[in-house]
Structure formats: structure tokens, C-alpha cells
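Hello,

Here is the structure I promised to pass on. Please look it over, then read my notes below.

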Amino acid sequence: MRGYHDIGGLPLGEVERSQHDHAFWEKRVDAMLVLLSRKGLITTDELRLGIETLGADAYERLSYYERWIASKSRALVARGVITTDELGRRMAAAARADAA
Amino acid sequence: MSARFRPGDRVAVRSAYPPGHIRTPHYIRGKTGVIERLCGAFPNPEELAYGRNGLPAQPLYRVRFRQDQVWPGYLGGAGDTIDIEIYEHWLDPA
């Protein structure tokens, strides 16, 4: 089976070569991976496996760093670094803070 | 580390399609190339992906392929090549 991410050689049109700035949250997501890797709490390969198993629909719908968040969350729960309940409560609190 | 191949050896990339985290690109499976160099030995990413240690470390080779043998109808130069780094367990003698 060919993974939906494994697109080498497929006809996908022009490559978008323009540069773009990263939002602050994207930089935080990137920095978080560096810190987690240094602490031995995740590997690049765990991150990649998570992205490669998001499902083709989610992979297409999510932006680059949204994929990272989805994959990282799953990997950290799988390793027992965080729990699903902790994650859910913190996400709800953040959503409330945003709405306020 | 005992490396099975030496620079100059002809190798075929295995035509295998298991699920999981695979670092061997789909487009190069089943193709034949030449060992360009041994890069070293590294924990197996297919195992690291599941939180295991990936040991023993697997020899990683840089393998050189002719572009006109990788891409059907390739229009570039006849001498064009592509180098891909591939773990030993994906290679057979050719």
C-alpha cells in the first residue's frame, strides 16, 4: 500500500515556492517538539507515524503544524506523558479563555 | 557493525509494502542501484516510530540510481542519477 504522504513522482502541479511567515503558535509547536525530543519523550519517527496515520482526509484538511499537534498529542498520550483527560480539560479551558 | 554491502555493489530495493512508518520511498521499491557509500548505522526508524529503541542499529547506505531507470519516459540527461539513503534490510544483492 502506498501512504497518502508518500507522493514522490505523482503529478501534483506547480510547486509553490513563495516564502511565508510562521504564526507564533506554529513556532511554539516547533519549539515544543525540540524540547520533547531532547527530553527523550518523543522521536521524529513517532511524530511521522502519527502524521502518516491521521487518515487521508485529515491529512489534506490540516495545515502543516496542525498535523504536528494532532500527532504529538496522540504520541504523548500513548507514552503516558499526558492523559487524554488532562488534554481535554486544558483544551476546554483554552477555548473558554479564547471566548472570554 | 557488520555491513553486508560495499561501495560499488549492485543492489535491488525490496518490493515490500507493509503498513507502518517506512523510510524507503514508494517510487524506489523494486528498482536496482549501486551502493555509493555506507553512511553509518542508526536505530531502525520503523521501530522508533512505535516507541521502541530500534536496536541493533541498522546499516544505512547511500544508493545511486539512474534516473532513466527510476522514471518511465525520463526526459533529462542520460547520465542523471538520484541518491537515496536506504536501510540495509530493504536491500537485496542484484
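**What I found**

In chain A, 13% of the 100 residues are buried. Please keep in mind that this is a predicted model.

Chain A first. Its secondary structure is five helices and zero strands. Along the sequence the pattern reads α-α-α-α-α. The C-alpha trace of chain A spans about 45 × 30 × 25 Å along its principal axes. Among the contacts in chain A with a separation of 6 or more, 57% join residues 24 or more positions apart.

One helix pair deserves a look. Helix α1 (residues 24-38) of chain A packs against helix α4 (residues 64-79) of chain A at an angle of about 40°, and their axes are 10 Å apart. The crossing of α1(A) past α4(A) is left-handed. From α1(A) come Glu26(A), Val29(A) and Leu33(A); they meet Tyr65(A), Trp68(A), Ile69(A) and Lys72(A) of α4(A). By class, this contact has five nonpolar, no polar and two charged residues.

Now chain B. Which residues touch the most other members of the largest nonpolar core? They are Tyr61(B), Val63(B), Ile86(B), Trp90(B) and Leu91(B), out of 13 residues in that core. Strands β1 (10-13), β3 (58-66) and β4 (81-87) of chain B each give two or more residues to this core. The largest share, four residues, comes from β3(B). Take Ile86(B): leaving aside neighbours within four places in sequence, Ile86(B) is in contact with Val13(B), Thr24(B), Tyr61(B), Val63(B) and Leu91(B).

Best wishes

Key:
Residues numbered from 1 in each chain as written. Chains lettered and ligands numbered in written order. Predicted model: local features only at pLDDT ≥ 70, side-chain atom pairs only at ≥ 80, totals over all residues. Core = buried A, V, L, I, M, F, W, Y, C linked by C-beta atoms within 7 Å. Buried ≥ 20, exposed ≤ 12 C-beta atoms within 10 Å, placed from the backbone. Contact = placed C-beta atoms within 7 Å. Axes fitted to C-alpha atoms, helices over the stretch in contact; angles between N-to-C directions. Left-handed = near helix turned anticlockwise from the far one by under 90°. Nonpolar A, V, L, I, M, F, W, Y, C, P; charged D, E, K, R; others polar.
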